[in-house]
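Visitor: I am new to this structure. Please show me how to read a few of its features.

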Amino acid sequence: MATAFKTVEPLEYYRRFLKENCRPDGRELGEFRATTVNIGSITTADGSALVKLGNTTVICGVKAEVAAPAVDSANKGYIVPNVELPSLCSTRFRSGPPGEEAQAASQFIADVIENSQIIAKEDLCIANGKLAWVLYCDIICLDYDGNILDASVFALLAALKNVQLPSVTINEETGLSEVNLKQKNPLVIRKHPVATSFAIFDDTLLIVDPTAEEEDLATGTVTVVTDEEDRLCSVHKPGGSPLTGAKLQDCITRAITRHKEVKKLIDKVTKSIKPN
């Protein structure tokens with residue numbers, strides 16, 4: 001009976017749970033799904049991480065290459081993020097070029113990198129005006145069950161913390177770069193941005209870490225990104241229900257609490273892995 005009601009009236013089915021301050025999967029409105037992170041799982045990458053948020057599974061691999069810096073930023077390197085939502089992760093996505101959702105997610109990640117200053121691009125400079133690192137950050141969703149942005153930011157941060165770059169010098173005589181693979185250095189992570197997403201129900205009710213089903217039924221979503229100094233790095237709100245100042249402040253307060261949980265988890269996993 002419940003299954004039939006859910007199929008015919010999914011929103012009404014959800015509202016009955018929300019009235020009791022819980023959700024069909026048993027979580028409270030402010031409760032996140034179980035979160036796990038695994039670092040260094042892709043041996044061919046310079047840094048990698050796999051993050052699971054409930055059933056949503058995202059992997060991030062970072063590949064580092066050397067290139068000439070841009071003329072107007074001679075002392076800076078590049079960070080190039082790319083989010084992929086392949087058809088294998090959910091029936092909602094099609095094969096072929098990246099869809100709207102994947103493009104929006106890639107742009108969101110690029111904004112987070114820029115606004116949070118997770119890495120100073122000057123730190124990626126090898127030789128001023130001659131050589132700099134380019135970090136290609138590929139974030140691929142393996143299983144999609146909502147809240148792709150939180151999982152992607154978490155996977156990116158964990159993967160960047162796992163990166164080991166070889167030592168590169170420029171030979172004065174030949175002008176060519178020389179790579180020493182035996183001497184590797186970690187990236188300097190300046191800030192630790194963490195994303196916290198909320199779905200808005202019936203224009204007023206906020207629930208954290210929405211599943212794919214909850215995202216479909218919601219009247220809007222909002223993602224808040226904070227760093228370890230409780231600084232607001234970005235607020236991403238793609239249309240939908242408007243939020244009052246008080247509701248947004250509530251989201252920011254919850255995001256700061258969530259940041260502490262994620263940072264603790266990431267530090268624990270990072271410490272358990274000894275660099276080669």
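Guide: First, the ground rules. This is a predicted model, where local features need pLDDT of at least 70, side-chain atom pairs count only at pLDDT 80 or more, and totals for chains, interfaces and linings use all residues. Residues are numbered from 1 along each chain as its sequence is written, and side-chain values use heavy atoms, with hydrogens and water left out.

Visitor: What span should helix α6 have, and what are its end C-alpha atoms apart?

Guide: Helices (H or I, at least four residues) and strands (E, at least two) are DSSP runs, numbered from the N terminus. The expected span of a helix is 1.5 Å times one less than its number of residues. Helix α6 has 28 residues, 245-272, so it should span 40 Å. Its end C-alpha atoms are 41 Å apart, which agrees.

Visitor: Which residues of α6 are buried?

Guide: Buried means under 20% relative accessible area, exposed over 50%, and partly exposed in between (1.4 Å probe, protein chains only). An α-helix has 3.6 residues a turn, so residues three or four places apart point the same way. In α6 the buried residues are C251, I252, A255, I256, R258, H259, V262, I266 and V269.

Visitor: Where is I207 found, and what does I207 touch?

Guide: I207 is found in strand β10. Its relative accessible area is 0%, so I207 is buried. Contact means heavy atoms within 4.5 Å. Not counting residues up to four places away in sequence, I207 touches L18, R23, L29, S197, F198, A199, F201 and E214.

Visitor: Is T211 buried or exposed?

Guide: T211 is buried, at 9% relative accessible area. T211 sits in the loop between β10 (205-208) and α5 (212-217). Leaving aside neighbours within four places in sequence, its contacts are Y14, D25, R27, R33, D145 and G146.

Visitor: Which residues does the UniProt domain annotation cover?

Guide: UniProt positions are given in the numbering used here, feature names are shortened, and annotations may be inferred rather than shown by experiment. The unreviewed UniProt entry annotates "domain: Exoribonuclease phosphorolytic" over residues 31-166 and 193-256. Residues 31-166 are 24% helix and 37% strand. Residues 193-256 are 28% helix and 38% strand, with end C-alpha atoms 10 Å apart.
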